Amino acid sequence: RRTFYSPRGLAFLQEDHSPRTRLVYERIEWSMARVAGTIVACSASEMALVRERIRPRRVELVENAVDVDLIPARRERIDGRLRVGTVGRVTYSKNPPLYARLARHAAARGVEFTWLGGGDADATALLRDANVRVTGWLPRAAVLDELAGLDIYLHPSLWEGMPIALIEAQVCGLPSIARDAVGNRDIIRHGETGFLGKDFDELAALLDRLIDDAPLRRRLGERAREIGLVRFGLPRVVDEYERLYAGVRC
């Protein structure tokens with residue numbers, strides 16, 4: 001019998017749990033990996049963590065993908081305003097406090113900030129206090145339409161597997177700025193399709209740079225879409241899983 005397990009975001013990375021709880025999660029992962037099966041990581045950095053801390057007998061990599069045909073290309077804005085946005089649940093892992101802080105940092109520049117999604121009430125209030133427009137939950141088509149109207153995509157999450165929202169932003173043709181975290185760093189090619197930053201100071205400086213440089217935004221966005229349409233398409237992930245299922249013995 002063949003067993004495949006895809007964590008898609010390792011539980012022991014969840015910083016909203018205590019160190020003891022995270023250690024328990026890690027030991028469970030380690031113990032189960034001793035039994036049998038293949039762990040399928042969804043990003044290279046997730047795969048590296050699996051090898052380092054879980055040390056399974058078998059681990060494979062199949063990066064996440066999306067239906068690129070459903071994702072519209074970014075639209076040029078004609079109102080002269082600059083719009084920054086993100087997509088996802090308003091929850092601890094997505095780091096709304098850092099997003100709010102960056103929104104306050106850019107407030108004097110007249111930049112509009114949007115959070116496409118809903119979730120925790122306290123975090124939502126924090127965002128709105130920073131003059132961030134929080135849309136609440138929207139139909140998928142409406143989210144993609146809003147995404148295409150952004151100028152910069154900002155993804156400050158604390159941990160990930162390989163975030164679909166950031167992949168969709170790349171396919172859409174948005175220059176992206178993300179926190180240098182597991183999963184995020186596997187999507188963005190720093191300096192080519194967007195930028196990665198470790199903390200508020202780095203992210204704020206990168207945000208300022210993109211706000212001030214329209215040709216750079218255009219160049220990064222065009223390259224992100226060019227790469228994303230090929231790298232993150234469904235045919236690739238289907239082929240990789242078919243080869244995996246056909247070739248791995250557990």
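Tutor: Gladly! This is a predicted model. Let us begin with Arg 55, which has a relative accessibility of 47%.

Student: Why is Arg 55 called partly exposed?

Tutor: Buried means under 20% and exposed means over 50%. Arg 55 has 47%, so it counts as partly exposed. You will find Arg 55 in the loop between α2 (44–54) and β3.

Student: What is the phi of Arg 55?

Tutor: Phi is positive there, at about 50°, although Arg 55 is not a glycine. Asn 95 also deserves a look: its phi is near 65°, again a positive value in a residue other than glycine.

Student: Where does Asn 95 lie, and is it buried or exposed?

Tutor: Asn 95 lies in the loop between β4 and α3. Its relative accessibility is 11%, and buried means under 20%, so Asn 95 counts as buried.

Student: Which residues form the positive surface patch?

Tutor: Arg 27, Arg 34, Arg 55 and Arg 57 form it.

Student: What makes this patch positive?

Tutor: Arg counts as positive, and the patch is formed by Arg 27, Arg 34, Arg 55 and Arg 57, so the patch is called positive.

Student: What else lies in helix α1?

Tutor: Leu 23 lies in that helix. At 48% relative accessibility, Leu 23 counts as partly exposed. The C-alpha atoms of Leu 23 and Leu 13 are separated by 9.6 Å, and these two residues are 10 residues apart along the chain.

Student: Which residues make the nonpolar surface patch?

Tutor: Val 24, Ile 28, Met 32 and Val 35 make it, and the patch covers about 390 Å².

Student: Why is Val 35 called exposed?

Tutor: Exposed means over 50%, and Val 35 has 56% relative accessibility, so it counts as exposed. The place of Val 35 is in the loop between α1 and β2 (38–41).

Student: Let us turn to the inside. Which residues touch the most other members of the largest nonpolar core?

Tutor: They are Phe 113, Val 132 and Leu 207, in a core of 30 residues. Among the elements that give two or more residues to this core are α3 (96–105), β5 (112–116) and α9 (214–231). Helix α8 gives the most, with seven residues. In soluble globular proteins, nonpolar side chains tend to be buried together.

Student: Now for the charged pairs. How do you know that Arg 74 and Asp 151 form a salt bridge?

Tutor: The cut-off is within 4 Å from a side-chain nitrogen of Lys or Arg to a carboxyl oxygen of Asp or Glu. The closest N and O atoms of Arg 74 and Asp 151 are 2.7 Å apart, so the pair is called a salt bridge. Arg 74 lies in the loop between β3 (59–61) and β4 (83–87) and Asp 151 in the loop between α5 (140–148) and β7, so the pair ties together parts that are 77 residues apart in sequence.

Student: Are the two partners buried or partly exposed?

Tutor: Arg 74 has a relative accessible area of 23% and is partly exposed. Asp 151 has 4%, and buried means under 20%, so Asp 151 is buried.

Student: What makes Glu 112 and Arg 81 a salt bridge?

Tutor: The N to O distance is 3.0 Å, and the cut-off is within 4 Å, so these side chains meet in a salt bridge. Glu 112 lies in strand β5 and Arg 81 in the loop between β3 and β4, so the pair ties together parts that are 31 residues apart in sequence.

Student: Which network do these residues belong to?

Tutor: A network of salt bridges links Arg 74, Glu 76, Arg 77, Asp 79, Arg 81, Glu 112 and Asp 151.

Student: How many salt bridges are there?

Tutor: The count comes to 20 salt bridges.

Terms used: Residues numbered from 1 in each chain as written. Predicted model: local features only at pLDDT ≥ 70, side-chain atom pairs only at ≥ 80, totals over all residues. Heavy atoms only, no water. Patch = residues over 30% accessible without salt bridge, like charges linked within 9 Å, V, L, I, M, F, W, Y side chains within 5 Å. Areas by Shrake-Rupley, 256 points an atom, 1.4 Å probe, with all protein chains shown as cover. Charge placed at Lys NZ, Arg CZ, Asp CG, Glu CD. Core = buried A, V, L, I, M, F, W, Y, C linked by side-chain atoms within 4.5 Å. Buried < 20%, exposed > 50% of the residue type's maximum accessible area, 1.4 Å probe, protein only. Helix = DSSP H or I, 4+ residues; strand = E, 2+ residues; numbered from the N terminus.
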